[in-house]
Amino acid sequence: MRNLNANNITDAVIEEFSGCRDERLKTILNSLVTHLHAFLREVEPTEQEWTEAIDFLTRTGQMCDDQRQEFILLSDTLGVTMLVDALNHQTSDPMVSESTVLGPFYVPDPPQASQGESIDWNVEGEPFLVEGRVHDELGQPLANVVVDVWQSDSEGFYDVQKELESASLRARFTTDDQGRYAFWTVTPAPYPIPTDGPVGKMLEITGRHPYRPAHVHFMLMAEGFDTLVTQVFAEDDPYLDSDAVFGVKDSLVKEYKLLPPGRAPDGRAMEVPFRHLTYDFGLKASR
Ligand code: BEZ
Ligand code: FE
């Protein structure tokens, strides 16, 4: 293979992969080379621009460690995470809940909590009762579903960002025999995704804001069902239509209803105003 130019180099590179014995990998690489070369032919980067692109990716890698994953943030802010999600979890069944981005703040094996418990350990904020039911595609309640929840505090920070000594605003619940889950927390706030790395710089120089609308994260796991990774967003949030990571879907937006002091729906006596969210989840049977 010699005398390659802008017209024939793509085929030459693809030919070099022809001996790849993993058919799926070969398909992926052929497509990657085809699209990457087409992108470059379209954009015609200068060598200076290409060096800057490599430098950006290098800095993105250098920002990563076991706590921080800047490449996922890049995928999130370019809409790639949500595209992969859409390709894998598209559902038109209204009985199956929609999924959205996991985000970087999930911590496996959160503290186990019991039905109705408060998870606002060591944090202050407006009280918030979150409850609902988990059902299958026919609407039948699902018992013993593991429901992991995590969220920011009322200032928009996760416990892991504040280096608290123990977990807060994250917990694991198990649905009861009627498929119910319930917990008390504080109302989460909108917050900026981490902006101290190259992705933050990209948002800044392209005139994009880094904010996500207020949300509570959920991961639901049950034997025989697809794991659901999702979030429920506050209906009145100003960032619903400009989420920095493109994660909002209409079906995941719900009122965080403001209620006056008095008896809460679960019987708790409230001396201050509080919010209430009810949200039911539908799980899809694994096939
Ligand atoms: C989150 O919702 O926790 C999140 C998602 C994507 C990027 C950053 C944060
Ligand atoms: Fe979040």
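The protein chain contains 7 helices and 14 strands, where helices (H or I, at least four residues) and strands (E, at least two) are DSSP runs numbered from the N terminus. The structure is a predicted model, in which local features need pLDDT of at least 70, side-chain atom pairs count only at pLDDT 80 or more, and totals for chains, interfaces and linings use all residues. Residues are numbered from 1 along each chain as its sequence is written, chains are lettered from A and ligands numbered from 1 in the order in which they are written, and side-chain values use heavy atoms, with hydrogens and water left out.

Along the principal axes, the C-alpha atoms of the protein chain fill a box of roughly 80 × 40 × 35 Å. Of the 287 residues in the protein chain, 41% are buried. Here buried means under 20% relative accessible area, exposed means over 50%, and partly exposed lies in between (1.4 Å probe, protein chains only).

The ligand site was examined next. Ligand 1 sits in the largest cavity. A cavity is defined on a 1 Å grid over the protein atoms alone, as a set of points where a 1.4 Å probe fits but cannot get out; a molecule sits in a cavity if more than half of its atoms lie within 2 Å of its grid points. The elements that give two or more residues to the shell around ligand 1 are α4 (70-77) and β7 (215-221). In total, 13 residues surround the ligand, and the closest are Pro104, Tyr191, Arg212, His215 and His217; a residue is counted here if one of its heavy atoms lies within 4 Å of the molecule.

Several side chains place polar atoms beside the oxygen atoms of ligand 1. A polar side-chain atom of His215 lies 3.0 Å from an oxygen atom of the ligand. For His217, an N or O atom in the side chain is 3.0 Å from an oxygen atom of ligand 1. In Tyr158, a polar side-chain atom lies 3.4 Å from an oxygen atom of the ligand. These are polar contacts, that is, pairs of N or O atoms within 3.5 Å; within protein, one must be able to donate a hydrogen and the other to accept it, and residues adjacent in sequence count only if both atoms are side-chain atoms. Taken alone, ligand 1 exposes 260 Å², and the protein buries 100% of that, with accessible areas computed by the Shrake-Rupley method with a 1.4 Å probe.

Aromatic side chains were then considered. The structure holds 13 aromatic pairs. Rings of Phe, Tyr and Trp (its six-membered ring) pair if their centres lie within 6.5 Å; planes under 30 degrees apart count as stacked, over 60 as edge-to-face and the rest as tilted. Tyr158 and Tyr191 form an edge-to-face pair, with 5.3 Å centre to centre and 90 degrees between the planes. This pair links distant parts of the chain, 33 residues apart: Tyr158 lies in the loop between β2 (146-151) and α6 (159-162), whereas Tyr191 lies in strand β5 (residues 191-192). Both Tyr158 and Tyr191 are buried. Tyr181 and Phe183 form a tilted pair, with 6.4 Å centre to centre and 35 degrees between the planes.

Tyr181 and Phe183 also belong to one aromatic cluster, together with Phe173, Phe218, Tyr279 and Phe281. Phe183 is placed in strand β4 (residues 180-186) and counts as buried because its relative accessibility is 0%. The C-alpha atoms of Phe183 and Tyr256 are separated by 14 Å, and the two residues are 73 apart along the chain.

Asp153 lies in the loop between β2 and α6. Asp153 counts as buried because its relative accessibility is 4%. A polar atom of the side chain of Asp153 lies 2.9 Å from the backbone nitrogen of Gly156.

Most residues other than glycine have a negative phi. Asn3, although not a glycine, has a positive phi of about 55 degrees. Asn3 lies in the segment before α1 (9-16) and is exposed, with a relative accessible area of 69%. Asn144 likewise has a positive phi, of about 60 degrees, and is not a glycine. Asn144 is found in the loop between β1 (127-135) and β2, and at 59% relative accessibility counts as exposed.

Key:
On a 1 Å grid over the protein atoms alone, a cavity is a set of points where a 1.4 Å probe fits but cannot get out, and a pocket is an open set with protein on both sides within 12 Å along at least five of seven lines; lining residues have an atom within 4 Å of a point.
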